[in-house]
Amino acid sequence: MRNLKIALIALFFAHAAFAQEVHVSWGDIDTRYAKYAEPGHAVADEIELSGWRGERVFAQAVVWTDALVEELNFEVTDLKGKGRHKIESENIKAGFATYVVGDGYFSNGTGCGEWANEPHRDSVIVADCIDYYLERMPLEAKQTQGIWLTCRIPADVKPGEYTGKLIVKNGKKVIGSLSLKVTAQEDILPEPADWHFHLDLWQNPYAVARYHGVELWSEEHFEVMRPLMTLLAEAGQKVITTTLIHKPWGGQTYDHFESMVKWIKKADGTWDYDFSIFDKWVEFMMECGVTAQINSYSIAPWSSRFQYYDEASDSMLDFVAEVGTKEYDEYWSRMLKVFAQHLQEKGWFDICAIAMDERPEEVMTEVIRVIRNVNPDFKISLAGNYHPAIEKEIYDYCIAYGQEFPEDVLARRKAEGKISTYYTCCTEIAPNLFTVSDPQDGLLLGMEMLRRKSDGYLRWAYNSWPEDPMTDSRFRAFTSGDTFIAYPLGRSSIRLERLVQGIQEYEKVQVMKNKN
């Protein structure tokens with residue numbers, strides 16, 4: 001009996017010691033918590049968030065421990081208000097902020113370079129992916145783990161305070177309970193599809209097929225893309241990225257882009273064009289909620305080679321022609337006439353733009369001439385440097401972050417219903433959206449677009465994943481994360497969530513302007 005008492009006392013103290021060794025607290029959404037270091041802040045078991053109805057608000061909890069937690073998991077309760085009013089837990093998306101390998105910047109002071117030339121550049125482990133599918137995980141002793149929450153305040157909820165809990169467990173045992181209070185304000189933020197902010201993050205369906213091991217354009221392919229592209233629509237995406245040719249940007253991504261249009265030179269020398277993949281992709285993206293614009297790349301690629309199927313030889317061949325030559329004019333004029341007719345039949349002509357990326361002024365001048373000769377009503381899109389001589393021809397003009405539109409030009413473009421935006425790439429260290437960027441950079445980008453009176457923001461890669469994005473965000477000639485901002489199956493990132501926060505702030509200003 002005495003031995004049993006001693007054992008029970010020892011077990012009690014063991015549990016008490018363990019409870020003190022595992023810490024659960026609200027943290028900071030501006031912090032990527034280091035995996036092998038204590039958070040180093042005061043413990044907070046309550047947090048208060050506030051937002052418009054329809055807005056998403058964000059929080060991050062952090063767990064750190066001196067002992068093994070075998071099955072770290074969590075649950076979020078409904079947020080209860082006065083009477084029977086509540087924000088149901090289905091409005092709160094939560095996931096572990098998991099870690100990937102990242103790297104720093106290059107010796108040239110940018111995020112652009114080559115690993116091979118800088119073999120001693122440090123790699124780091126950073127929290128970035130928000131994994132909604134990881135329900136439980138072990139947490140080793142001396143490790144830290146973040147839990148990210150995105151709470152959407154329903155547009156139809158009654159204004160007021162709502163309180164609930166984030167309950168953190170080891171298996172079934174509660175190891176921490178944090179209070180979450182959300183205040184729903186009177187104002188209402190429109191749905192993302194109705195936002196003014198022109199968000200253009202380029203999609204890569206080819207990366208999705210490779211990563212998931214599914215046949216390109218099969219039902220399985222569209223199935224695994226749906227949560228990823230729905231996440232993009234929920235961020236307010238306006239543009240569907242389509243390709244008219246093979247490798248419009250060369251092979252700068254792990255998965256290069258193919259043409260969504262099949263160019264066919266028939267045995268009798270005439271030409272035909274199969275738009276079936278283009279149509280399937282556009283229709284799918286519209287189903288996901290991206291409906292405002294179609295950008296088709298690129299009549300002016302980074303090389304002068306254009307791939308087509310040759311019926312006579314039953315093979316893929318290259319047509320080579322420089323911009324400005326008679327051969328180039330004939331090759332593209334023939335196709336664009338058919339493309340315009342197809343777009344009109346589908347009802348997409350008015351929302352489609354012939355798009356180019358980082359092309360010099362002399363090339364753009366020739367390309368514009370070809371497009372206008374085919375159909376003067378074609379919209380044209382360019383992401384690149386600011387060229388005053390061609391600005392009036394560009395409907396959707398996105399210029400490099402280091403430049404700015406002249407104020408009078410920007411005002412005139414707005415009056416004409418044209419789109420004027422900015423982009424960041426590997427050139428800018430901050431603000432930017434690398435996996436090693438300060439999380440608040442996403443918020444700052446939204447604020448900077450507001451300051452510049454820009455219509456929105458572009459980034460060249462939504463999901464051009466490296467080989468295994470879930471573990472390693474590094475890729476060749478760019479600082480880590482430059483090639484993607486979302487993870488497989490619609491897993492978000494700290495970067496993307498903060499960008500959404502910045503876009504929401506931009507939108508709230510637009511709502512207030514319209515009120516006045």
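Predicted model: local features only at pLDDT ≥ 70, side-chain atom pairs only at ≥ 80, totals over all residues.

Modeller: Happy to! Let's start with W460, which is buried because its relative accessibility is 13%, below the 20% cut-off for that class. F478 counts as buried too, with a relative accessible area of 11%. These two residues, W460 and F478, form a tilted aromatic pair, with 5.4 Å from centre to centre and 50° between the planes. Both W460 and F478 lie in the loop between β25 (456-459) and β26 (492-493), and their pair links parts of the chain that are 18 residues apart.

Now to the wider picture. Searching the whole structure gives 37 aromatic pairs. Another tilted one is formed by W202 and Y297, whose centres are 4.9 Å apart and whose planes make an angle of 50°. W202 sits in the loop between β13 (198-201) and α2 (205-212), while Y297 belongs to strand β18 (residues 293-297), so this pair ties together parts that are 95 residues apart in sequence. W202 counts as buried, at 2% relative accessibility, and Y297 is buried as well, at 1%. W202 and Y297 also belong to one aromatic cluster, together with Y206, W217, F222, W249, F257, W281 and F284.

Finally, some rings have a charged neighbour. K379 lies over the face of Y395, 5.1 Å from the ring centre. In the case of Y36, the charged end of K35 sits over the ring, at 6.0 Å from its centre.

Key
Residues numbered from 1 in each chain as written. Heavy atoms only, no water. Phe/Tyr/Trp six-rings, centres within 6.5 Å; stacked < 30°, edge-to-face > 60°. Helix = DSSP H or I, 4+ residues; strand = E, 2+ residues; numbered from the N terminus. Buried < 20%, exposed > 50% of the residue type's maximum accessible area, 1.4 Å probe, protein only. Lys NZ or Arg CZ within 6 Å of the ring centre and 35° of its normal.
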